[in-house]
Amino acid sequence: MDHLVLFKALADGTRLKIVRLLLEHRRCVRALARELDLSEAAVSQHLKVLREAGIVIGQRRGYFMHYDVDRRTLQDLAREIGDQAAAVERTCPPDERNRQNAGARCRSDFSTAGERETKEERQ
């Protein structure tokens, strides 16, 4: 899963609104366009970005394509974000987390020992 593509897709306010609406229930482009007060073409372009990111899936029903959120993709993303946040939390002493510049003082699981020493020397 490419997180950058997911975050870019969700960073747009209109696409985020589309995801929220689709979390309620499936909708076609026309229904989304009416609710968002946008053209069907604009909604289709947003859905294309969401489909390419793997956030939205479409199912043809007669003449219309109905869209739904791929909940598994969003759950995986939320789980990974939670795991990363927990890893950062484990590396930061509790008293440092509350300081305004705690990020500069905390060691990250992602940096090497040499990088940590360099960061500590700078402080």
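This is a short tour of the structure above, stop by stop.

Before you start, note that this is a predicted model, in which local features need pLDDT of at least 70, side-chain atom pairs count only at pLDDT 80 or more, and totals for chains, interfaces and linings use all residues. Residues are numbered from 1 along each chain as its sequence is written, and side-chain values use heavy atoms, with hydrogens and water left out.

**Stop 1: helix H2.** Select residues 13-24, helix H2. Helices here are DSSP runs of H or I with at least four residues, strands are runs of E with at least two, and both are numbered from the N terminus. The end C-alpha atoms of H2 are 17 Å apart, which agrees with the 16 Å that its twelve residues should span at 1.5 Å a residue; that expected span is 1.5 Å times one less than the number of residues.

Now show the side chains of Arg15, Ile18, Val19, Leu21 and Leu22, which are buried (under 20% relative accessible area; exposed is over 50%, partly exposed in between, with a 1.4 Å probe and protein chains only). They cover an arc of only 165 degrees around the axis, which puts them on the same side of H2; the arc is that of the directions from the helix axis to the C-beta atoms. Turn to the other side of H2 and you will find Arg20 and Glu24 exposed.

**Stop 2: isoleucine 18.** Leaving aside neighbours within four places in sequence, isoleucine 18 is in contact (heavy atoms within 4.5 Å) with Leu32, Leu36, His46, Leu47 and Leu50.

**Stop 3: the sheet.** Next, colour the three strands, which form an open antiparallel sheet in the order S1-S3-S2; strands pair if DSSP finds at least two bridges between them. S1 (27-28) and S2 (56-61) stand at the edges with a single partner strand each, so one side of each is left without a neighbour in the sheet. Six bridges join S2 to S3 (residues 64-69). Look for arginine 60 opposite methionine 65 in S3. In the S2-S3 hairpin, two residues lie between the strands, and glycine 62 in the turn has a positive phi of about 65 degrees.

**Stop 4: aspartate 68.** Finish in strand S3, at aspartate 68. At 15% relative accessibility, aspartate 68 counts as buried. Its side chain makes polar contacts with the side chains of arginine 26 (3.4 Å) and arginine 71 (3.3 Å). A polar contact is a pair of N or O atoms within 3.5 Å; within protein, one must be able to donate a hydrogen and the other to accept it, and residues adjacent in sequence count only if both atoms are side-chain atoms.
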